[in-house]
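Welcome! Take a moment to look over the structure below, and then let us walk through a few parts of it together.

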Amino acid sequence: MISFFDLFAILLLLTAAFGWLNQVFFHLPGNIGLLLMGVASALVVLIVDLLVPGTAVVDDLAAVLQKIDFYEAVMHGMLAFLLFAGALHVDWSRLRKRLLPVTAMATGGVVISTVVVGFGMWGLSLALGLNLPLAWALVFGALISPTDPVAVLALLKQVRIPEMLETEISGEALFNDGVGVVLFTMLVTVATAGGDAVSFLDAVGLFLLEAVGGGLLGLVTGYVAFRSMRRIDEYVVEVFVSLALVMGTYALADRLHMSGPIAVVTAGLLIGTRGPGDAMSETTQRYLFGFWTMIDELLNSVLFLLIGLELIVVGVNLRFGWLALAAIPLVLLARAASVAIPIAGLGTFMRFIKGSIPVLIWGGVRGGISVALALSLPYSEERSIILTATYAVVLFTIIVQGLTLKKVIRRTVPSSRNAPEEVH
């Protein structure tokens with residue numbers, strides 16, 4: 001019987017071994033390298049099982065991986081720590097100046113993308129003879145439309161872009177998952193109820209409770225933690241306070257049916273903005289930010305490796321392969337619409353960095369949150385279709401878009417970080 005300690009030990013061993021191999025031989029960006037080696041390992045196991053039937057390799061490894069509830073591990077485990085660590089390093093003064101485009105893309109952009117992907121997947125499934133119901137196609141649209149904050153923030157560490165554009169990408173990624181999860185929850189309810197409508201007032205009420213309520217909760221808990229840190233000068237206790245803040249805020253948000261991700265992001269922004277100047281000594285800053293950087297790197301690495309290894313559990317259903325491949329350009333098209341429409345509307349009275357649209361489109365990486373939401377769906381043929389398509393899009397965005405984003409930036413964005421701003 002494998003214990004939780006054994007599982008965690010295996011994951012850390014694989015993360016360290018694959019990370020070392022990547023640094024010595026492949027020289028890929030760290031998280032992308034881990035993901036690729038996880039996928040490669042999963043494919044090798046699946047191929048061996050096909051070529052040598054009866055070895056039970058897949059069943060044994062799948063049994064081990066299934067002991068890790070991916071949805072719970074991501075949505076009620078790693079995500080809170082990763083989002084807080086990411087929000088700590090976001091400059092609020094810069095984010096405040098770009099709050100309007102960030103909000104537009106994180107709300108209206110997600111809705112636009114959900115509709116485009118949903119109707120597109122429905123039409124494609126009919127053309128390919130799979131007949132995915134519209135309600136379930138919209139569920140796929142909701143879970144795949146938000147850019148993944150964990151994957152996006154990890155990617156931004158590997159590239160150099162103008163501060164304004166970096167703020168828009170990171171800000172959107174930190175907040176749009178709340179809207180996506182609200183849409184996902186509503187549409188799953190509709191799909192499992194056989195298409196019964198959810199009233200507009202119910203939808204607005206759910207959004208306000210999840211998103212706005214989560215933001216207010218994060219402000220309250222973050223302010224309490226900030227005041228607590230301000231009263232003392234002891235880095236060990238202040239690190240404990242930050243840990244308690246993350247876990248307590250996320251757990252309380254869950255209990256109150258609010259958005260835990262938005263709550264911890266808001267709390268992280270408050271601590272990261274007010275803490276260094278008003279509540280932390282230089283020693284505390286060094287230890288606290290160093291601690292959260294280490295947590296970020298550790299959990300990011302484990303998560304990307306898990307995404308790759310989960311392919312053993314998900315499997316490869318070739319029956320849905322063409323629809324999964326068709327989902328990739330469809331999601332890119334929807335991403336283009338969700339970026340271009342808000343920017344076109346705001347461009348009449350706001351300035352944007354040249355190259356904003358192509359970089360925002362290509363930088364719209366999906367990751368563990370989309371996979372976790374797909375895995376949370378009830379077992380059905382629709383779940384299999386959605387899971388296969390989700391995996392195809394996630395792997396494409398992380399590997400292909402992640403490895404080529406630098407080239408897109410180099411070709412579309414002025415080389416200087418202080419280049420003049422203009423609409424494009």
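**A guided walk through the helices**

Let us begin with Arg 286: this residue is exposed, because its relative accessible area is 56%, above the 50% cut-off for that word. Keep in mind that the model you are looking at is predicted. Arg 286 is found in helix H14. If you look for Tyr 235, you will see that it lies 51 residues from Arg 286 in sequence, while their C-alpha atoms are 8.9 Å apart in space.

Helix H14, which covers residues 282–309, also meets helix H1: the buried residues of H1 pack against H14, as well as against helix H2 (30–51) and helix H3 (57–66). Those buried residues are Leu 7, Leu 11, Thr 15, Phe 18 and Asn 22.

After H1 comes His 27, with a positive phi near 55°.

Now move on to helix H18 (residues 368–375) and helix H19 (residues 381–412), which pack with their axes 9 Å apart and at an angle of about 170°. The two helices are therefore roughly antiparallel to each other. H18 contributes Ser 370, Val 371, Ala 374 and Leu 375 to the contact, and H19 contributes Arg 383, Ile 386, Leu 387, Thr 390, Tyr 391 and Val 394. By class, this contact has seven nonpolar residues, two polar and one charged.

Methods:
Residues are numbered from 1 along each chain as its sequence is written. This is a predicted model: local features need pLDDT of at least 70, side-chain atom pairs count only at pLDDT 80 or more; totals for chains, interfaces and linings use all residues. Side-chain values use heavy atoms; hydrogens and water are left out. Buried means under 20% relative accessible area, exposed over 50%, partly exposed in between (1.4 Å probe, protein chains only). Helices (H or I, at least four residues) and strands (E, at least two) are DSSP runs, numbered from the N terminus. Contact means heavy atoms within 4.5 Å. Axes are lines fitted to C-alpha atoms, for helices over the stretch in contact, and angles run from 0 to 180 degrees between N-to-C directions. Angles under 35 degrees count as roughly parallel, over 145 as roughly antiparallel, 65 to 115 as roughly perpendicular and the rest as oblique. Ala, Val, Leu, Ile, Met, Phe, Trp, Tyr, Cys and Pro count as nonpolar, Asp, Glu, Lys and Arg as charged, and the others, Gly among them, as polar.
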